[in-house]
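Visitor: Could we go through this one together, starting with how the chains meet?
Guide: Gladly; here it is.

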Amino acid sequence: MSKAGDWRNYKRVLLPPVKDLHKLDVYEAHEGYSALREILTTDKWDPTSVTDEVKKSGLKGRGGAGFPTGLKWSFMPPIDPDVPRFLCCNGDESEPGTFKDRQLLEYNPHSVFEGMLIASYAMGIKTGFLYIRGEFADWITHMEAELEKAYDKGYVGKNIMGSDFSCDIVIHKGAGAYICGEESSLMNSLEGKRAYPRIKPPFPAQKGVWGYPTTINNVETLACAPLIIRNGGEWYAGIGAQSHPGPVLYGISGHVNRPGVYEYPTGMLISDLIYEVAGGMRGGKKLKALVPGGSSTPVLRADMIDGVTMDADSLREAGSMMGTSGMLIMDEDTDMVSFLRRITHFYHHESCGQCTPCREGTGWLENIVTRIDEGEGNLRDLDLLMDLCSQMEGRTVCALADAAAWPVRYTIDRFRDEFEAKCKPSLVPSGADLVMA
Amino acid sequence: MADFIKHPVVGLPDRKPDPVIPADQLHFSDEEKKQIQTWISRYPTADGAVMRALWLAQEKFGFLPPEVVQLVADELNIPYANAYGVATFYTQYFKEKKGKYVLDVCTCFSCQLCGGFDMLHYLEEKLNVHKGETTEDGIFTVQEAECLGACGSAPMLQITNGTYVHNLTEEKIDALIDALREDRMPAFTSVTLPQDEDELGGNRRSDVEHTEAYQAGPVSETTR
């Protein structure tokens, strides 16, 4: 059952159908910065009530982990005027299969700025860093131009809208490292160090960038904040799946007729997304598999998606995760072994090299999967891969090792016949061989 | 002697290589110095500006040999080792000289399944290089890239850490190479949302001339 209600008549809110919404005057004409104005110029709001409203909305992070945003904000220690504190907006969108934040940054940049300012107000922050991956050079230029306009209008900077709230926004340009999407690694990158993840605890709220309290949220998460303040937490909580509410940007790619970024509520049936939203399978082929939320989330077989909806609970039950909701759809001709080979290559390339299980493990994953893909593998290599995954999961500073191991574990688990077919035949007769004989 | 001693798996970098950039060119202009100071003022410590400063240096000198990294470190007044560590960590900082145009073809994930490798191989054959190599005339470097975040418009490529070219076809690559040989960079292309086509008639940005829609990718011939 779809949890998205009457999604065919859904009115978009993150990327509403407004021409030139990225321009400041158009954004203003469509209630832009009105949430911030209400917070700063009326007595209705104080920092606690803003955080409470976000808690009430049930907003969960859109960057992959799905942590409740309001709760994260409340982890910040009590304000001490002598201790600076920082906000980081994570726009290092590098998870393969994910391309939603780029569109949000391009088409609705001011909602991200407004969201950053609201979050900063709620947590008493005076500087927000917007970290955008270096590959998005054109979009960084675009964002910088729009930020300057917001500064000129007095929406960002000193004494915003005549209030005593001041907040600066700094756009930081990355330089191509998947690991920077991990929050502690992003902090090291901001500080001008090699982007090695840090051991947690201490968590960013206690000891973040430059050792000061820090909160890190995804671009799409922060863009939801103005909507929540404007329309109320209850309104937001009423959109889509109850346990994981809100509008979501679904990035659909792969073997479909109409790929792209679509805004719909959470809790959409996967089958609706493929066959109705994305126009069905390319060339009328049959669906074979799909990855629901970026390359780290476990792959689902076509027979596993009956009645599965795009929200954390339903996907967990089905054996996967929501991730970034960047969906890759694969048709019946897809070779799962070479598909996995390219994924393992990606993680090998992107491992930062800090922890041995990940640095060495990702390399061995790639080597062994490549061996199987080239037809040189043995059946026992599959068990070796599983063993290797167990040696990597949960044994490193950050979750990259887990993210590298899961696709291997679940792709082999769910498509074992294809892997076995590419391996060299076993010299020892299997049970099945004996029965058949 | 064992083979691995004669040929170590990991070669150690030359600690004092001969400078590539002539000493008289190795400096920032006053304007660039001012720009770097602006960046420094935005962070609690000068270290924060190192990535921006390295970007600036790379745009100026083309790549980041040790002497350029040293220049950046001196400008920011940070240890050389820190700047060198950053310069060697990130993929987009070029450690060696590249062609005038670096073509990063994405072959990761969605692009793999929608013809990314076909495009890479076509480009390799057309320019007569392998991935990672530069053409003899020094104009093009072809590279295989990890996910560039444009999965819906696969296959795609990026030109020298800048412009994206979406929905690649062989014809599009031919036209692109011809244009780049004449130093005509393709304009920024905005990729429209499918829902906008229904509600806004496609392009939602009146300030962008070039738009493209997300398209179903071609059938992959090769996936490696």
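**The interface and the cysteines**

Guide: In this predicted model, 46 residue pairs, both at pLDDT 80 or more, are in polar contact across the interface of chain B and chain A.

Visitor: Which elements of chain B supply residues to the side that touches chain A?
Guide: Those that each supply at least two residues include helix H3 (50-61), helix H5 (80-89), strand S2 (140-145) and helix H9 (194-199) of chain B, and H9(B) gives the most, with 6 residues.

Visitor: And how do the residues on that side of chain B divide into nonpolar, polar and charged?
Guide: On the side of chain B that touches chain A there are 29 nonpolar, 24 polar and 14 charged residues.

Visitor: How many salt bridges across the interface?
Guide: The rule finds 10 between chain B and chain A; one of the salt bridges in the model joins A:Glu106 to B:Arg205, whose closest N and O atoms are 3.0 Å apart.

Visitor: What area do the two chains bury between them?
Guide: About 6000 Å², with 53% of it on carbon and sulfur atoms, and the contact draws 85 residues from chain A and 67 residues from chain B.

Visitor: Switching topic, how many disulfides are there?
Guide: Over all chains the structure holds 0 disulfides. For A:Cys224, the nearest cysteine sulfur belongs to A:Cys89 and lies 12 Å away, while for A:Cys355 the nearest is that of A:Cys352, at 6.3 Å.

Visitor: Is A:Cys355 buried or exposed?
Guide: A:Cys355 is buried, since its relative accessible area is 16%, under the 20% cut-off; A:Cys224 is buried as well, with a value of 0%.

Definitions and conventions. Residues numbered from 1 in each chain as written. Chains lettered and ligands numbered in written order. Predicted model: local features only at pLDDT ≥ 70, side-chain atom pairs only at ≥ 80, totals over all residues. Heavy atoms only, no water. Disulfide = S-S within 2.5 Å. Buried < 20%, exposed > 50% of the residue type's maximum accessible area, 1.4 Å probe, protein only. Contact = heavy atoms within 4.5 Å. Buried area = accessible area lost by both parts, 1.4 Å probe. Salt bridge = Lys/Arg side-chain N within 4 Å of Asp/Glu carboxyl O. Polar contact = N/O pair within 3.5 Å; in protein donor to acceptor, adjacent residues only side chain to side chain. Helix = DSSP H or I, 4+ residues; strand = E, 2+ residues; numbered from the N terminus. Nonpolar A, V, L, I, M, F, W, Y, C, P; charged D, E, K, R; others polar.
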